[in-house]
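I opened the file to look up its pockets and the surroundings of its ligand. My notes follow in the order in which I made them.

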Amino acid sequence: MAVLDDKLGAKARRTINDKAQNLWNEVLERVSLRVAKEGFDTWLAPTTGCGLTGSKLEVQVPNSFFAEWIGQHYLTEIRTALADASETPLEVVFKPKDVAAAAALRRKEPKITESSRNGEFRLQARYTFTNFVVGESNRFAYAAARSVAEKPGGTYNPLFIYGGVGLGKTHLIQAIGNHAITVRASLRVQYVAAEAFFIELIQAIEKNTRLAFKQKYRRLNLLLMDDIHYLVGKERLQEEVFHIFNHLHDAGSQIVFTSDRPPKEIPTLEERLVSRLGSGLVVDIQPADLETRIAILKQKAALEEQELPHDVAYYIAARVKSSIRELEGSLVRLVALASLTNRPVTVELAEEALKDLLAAAVPVSKDSIILAAAEHYGVTVDQIKGNRRTKHLALARQVAMYLVRQTLGLSLKEIGLSFGGKDHTTVIHAVEKVERLRAQDEAFAAQLRKLTAGINRG
Ligand code: ADP
Ligand code: MG
């Protein structure tokens, strides 16, 4: 009997696996119609459906790099395709083949249940202080974040962290939450990106659940609000943040914000909110230096139990400078190429893996941006840098200033100087005006996107 049961069990398992495989194949087929072929072949083709439980479809992926990459780049398409392909609502879960590495990662984490992290608090386990490499560029921000995590509502309230794209703001703000709940498990924590907060607010207004929305945020001990520059041009949202801020601050609760620039430089932000945001401690994260970039690469590789010779780490770190996210992306590409072609990780392989990436990353210069804007508006570079203020010229100038700011993140003063020695208030005004137009006028926003894409292609 037992033998028969086993056989039946095995057969049942096989049927389930078949089902999972069939369903996943169907999802892949749909996804393949919507995404670039090269990406699909690299990231999605090597995956298989391997399990189907009540509410979950399990998909096996080569390693946790894949899980992460797919999660970051293809999840929306996958979810849509899954909703179309399956009658019952299913969640997709990626299972790395190298479970050993994943288990090792988990062992390093404090014991907080995944559901409370992801569900209620929206914290991701991998964003910890332990996994954050400290260097000159982020030392101060790191120290402030740690201090706040140890003692929320203490001296640095609010804490405001700002820095460029992909430099570790989300990592740090999430690490605060992850650490704080290990210090005090009963802490009421919420991570929310400003954009998600906005969507929640709109829904609450539509569904008449404003009160519940307010209460949810007002009861917190620690509010982590990411990417607050999203507030630009959204008065209703600013108002709401302002009130929640006051309430929490009065109650002695800790608030942490991140932004891509300091409070004073967020255009169209109400004065009273600016002063609130800047009233605690404001710290910045600078681009990482070479040494830190190498250390980050080595740490990422070690977490994945992936061999990474020093010369290869150096090769990548010396070339990928702009953001840690791109640095990670480069490592992911390299590891993927090594595993797909069964070749060892060497400088030659790195060269091959990063060829397209590096070719695409020809540094953009101020002048090429100004030229692009000038061409777009049919004026000359000299006119843009000059002082004549016809309506058309002024707009071209303002757009050019805005693009330089967005693309290169130069200081207002530097930008003013590059435009024939203009005052930094002129630059603020330009950036504000363009942001406002962008928010109000979809056609203008589309033009800006086109211009930006053109610039980034070089
Ligand atoms: P931002 O929010 O500033 O755009 P993220 O926090 O999302 O940037 O960081 C991008 C990626 O780089 C993340 O995967 C993060 O874990 C990683 N990262 C950034 N800084 C560090 C660091 N100092 N040490 C380790 N990983 C880092
Ligand atoms: Mg972020």
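I sorted the lining of the second largest pocket by class and got five nonpolar, five polar and two charged residues. The model is a predicted one, and I read the entries below with that in mind.

I noted about 160 Å³ of space in the second largest pocket. The lining has 12 residues, and K19, L23, L52, S86 and L90 are the closest to the pocket's centre. I then looked up which element gives the most to this lining: helix α1 (residues 2-32) does, with five residues.

I turned to ligand 1 and found 19 residues surrounding it, with V133, G166, T170, H171 and E328 as the closest. By class, the shell holds seven nonpolar, seven polar and five charged residues. I checked the helices next: α8 (169-183), α13 (290-303) and α15 (324-341) each supply at least two residues of this shell.

I listed three distances to ligand 1. A backbone N or O atom of G166 is 2.7 Å from a ligand oxygen atom. A side-chain N or O atom of K300 is 3.0 Å from a ligand nitrogen atom. For R126, a side-chain N or O atom lies 3.4 Å from an oxygen atom of the ligand. I also looked up the cover: on its own ligand 1 has 560 Å² of accessible area, and the protein covers 96% of that.

Technical notes: Residues are numbered from 1 along each chain as its sequence is written. Chains are lettered from A and ligands numbered from 1 in the order in which they are written. This is a predicted model: local features need pLDDT of at least 70, side-chain atom pairs count only at pLDDT 80 or more; totals for chains, interfaces and linings use all residues. Side-chain values use heavy atoms; hydrogens and water are left out. A residue is near a molecule or strand if one of its heavy atoms lies within 4 Å of it. A polar contact is a pair of N or O atoms within 3.5 Å; within protein, one must be able to donate a hydrogen and the other to accept it, and residues adjacent in sequence count only if both atoms are side-chain atoms. Accessible areas come from the Shrake-Rupley method with a 1.4 Å probe; for residues, only the protein chains shown count as cover. Helices (H or I, at least four residues) and strands (E, at least two) are DSSP runs, numbered from the N terminus. Ala, Val, Leu, Ile, Met, Phe, Trp, Tyr, Cys and Pro count as nonpolar, Asp, Glu, Lys and Arg as charged, and the others, Gly among them, as polar. On a 1 Å grid over the protein atoms alone, a cavity is a set of points where a 1.4 Å probe fits but cannot get out, and a pocket is an open set with protein on both sides within 12 Å along at least five of seven lines; lining residues have an atom within 4 Å of a point. Grid points are joined across faces, edges and corners, and a volume is the space filled by probe spheres set on the points.
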